[in-house]
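User: Hi! I'm new to this one, could you walk me through it?

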Amino acid sequence: MEGRLSPIFIFLALVLLGSCEEQREHTAPAIHERDSVSMMTSYGVNTLISDSGVIKYKIVTERWDVNTVKQPPRWTFEKGIFLEQFDEKFHVEGYINADTAWYYEQQKLWELRGRVHIRNVNGLIFDSEELFWDGIKHEFYSYKFSKVVTPERTMQGTYFRSDEHMARYEVTNSVGSFQSEDIDGSNQQDEQQTDTNQVAPPQRQAATRHKATQKSNFTTP
């Protein structure tokens, strides 16, 4: 038996040689964009939001992502959003819905995209593919084609700006339809007043401004 290696010895040698080889780790690739991960993700959200102890809003959405690492920090509503507002007696005052929305906390700015739709209790309806809601300046604005419908008139244009109550707004680069009494004034003073309400704003020579007095009660969350 001398000069021969036993099968057991050969097996142990192979095991030891294999254990000396460099070990390979099977790991997933690292995530380099660390700020892409949301701090919180909620599904099927139907929640009330209070302001100063009073319930003011209801948010309904399929998905709500909160990210405090991205710059700027934001809430993301990729599956759409329905935002409803109440008065102090919990009566509905109006609502906003959109296909996609972002809320930038530091700027207090809402960015709404897709089919943006607003309706308030005074009968005003707003439709566009884009709308920004600035909670610091307390105003709405859009640089996309927008349509505003009230019980008295319909206006359309490629630029829209309004206070957040929709009480004073302008639609420029626009076309519109009005009731006959809005155009056929019984005296010259009425005609002059109509012309005054349609003065083109500065630096927008081809634009037409329309003002209205309808009132809503949207305030920034």
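Analyst: Happy to! Keep in mind that this is a predicted model.

User: Good to know. How many salt bridges are there in the whole structure?

Analyst: A search of the whole structure turns up 7 salt bridges.

User: Which residue does Glu130 pair with?

Analyst: Glu130 forms a salt bridge with Arg113, and their closest N and O atoms are 2.7 Å apart. This pair links distant parts of the chain, with Glu130 in strand β8 and Arg113 in strand β7, 17 residues apart.

User: And what else does the side chain of Arg113 meet in a salt bridge?

Analyst: The side chain of Glu111, at 3.0 Å from N to O.

User: Are those residues buried or exposed?

Analyst: Glu130 counts as buried because its relative accessibility is 6%. Glu111 is buried too, at 13%, while Arg113 is partly exposed, with a relative accessible area of 25%.

User: What about Arg168, which partner does it have?

Analyst: Arg168 forms a salt bridge with Asp163, the closest N and O atoms being 3.9 Å apart. Arg168 counts as exposed at 59% relative accessibility, whereas Asp163 is buried at 13%.

User: Nice. Why can side chains pair like that?

Analyst: Side chains of opposite charge can pair when their charged atoms come close.

User: Switching topic: how many cavities of 30 Å³ or more are there?

Analyst: The count comes to 1 cavity of 30 Å³ or more. The largest cavity has a volume of about 40 Å³.

User: What lines the largest cavity?

Analyst: Its lining is made of Ile81, Leu83, Ile96, Asn97, Trp110, Leu112 and Trp133. Strands β4 (81-86), β5 (92-98) and β7 (109-120) each supply at least two residues of that lining. By type, the lining has 6 nonpolar residues, 1 polar and no charged.

User: Last one: where is His138?

Analyst: His138 lies in the loop between β8 (125-134) and β9 (139-142). With 41% relative accessibility, His138 counts as partly exposed. The C-alpha atoms of His138 and Lys108 are separated by 9.7 Å, and the two residues are 30 residues apart along the chain.

Definitions and conventions: Residues numbered from 1 in each chain as written. Predicted model: local features only at pLDDT ≥ 70, side-chain atom pairs only at ≥ 80, totals over all residues. Heavy atoms only, no water. 1 Å grid on protein atoms, 1.4 Å probe; cavity = no way out; pocket = protein on both sides within 12 Å on 5 of 7 lines; lining within 4 Å. Points joined across faces, edges and corners; volume = space filled by probe spheres on them. Helix = DSSP H or I, 4+ residues; strand = E, 2+ residues; numbered from the N terminus. Nonpolar A, V, L, I, M, F, W, Y, C, P; charged D, E, K, R; others polar. Buried < 20%, exposed > 50% of the residue type's maximum accessible area, 1.4 Å probe, protein only. Salt bridge = Lys/Arg side-chain N within 4 Å of Asp/Glu carboxyl O.
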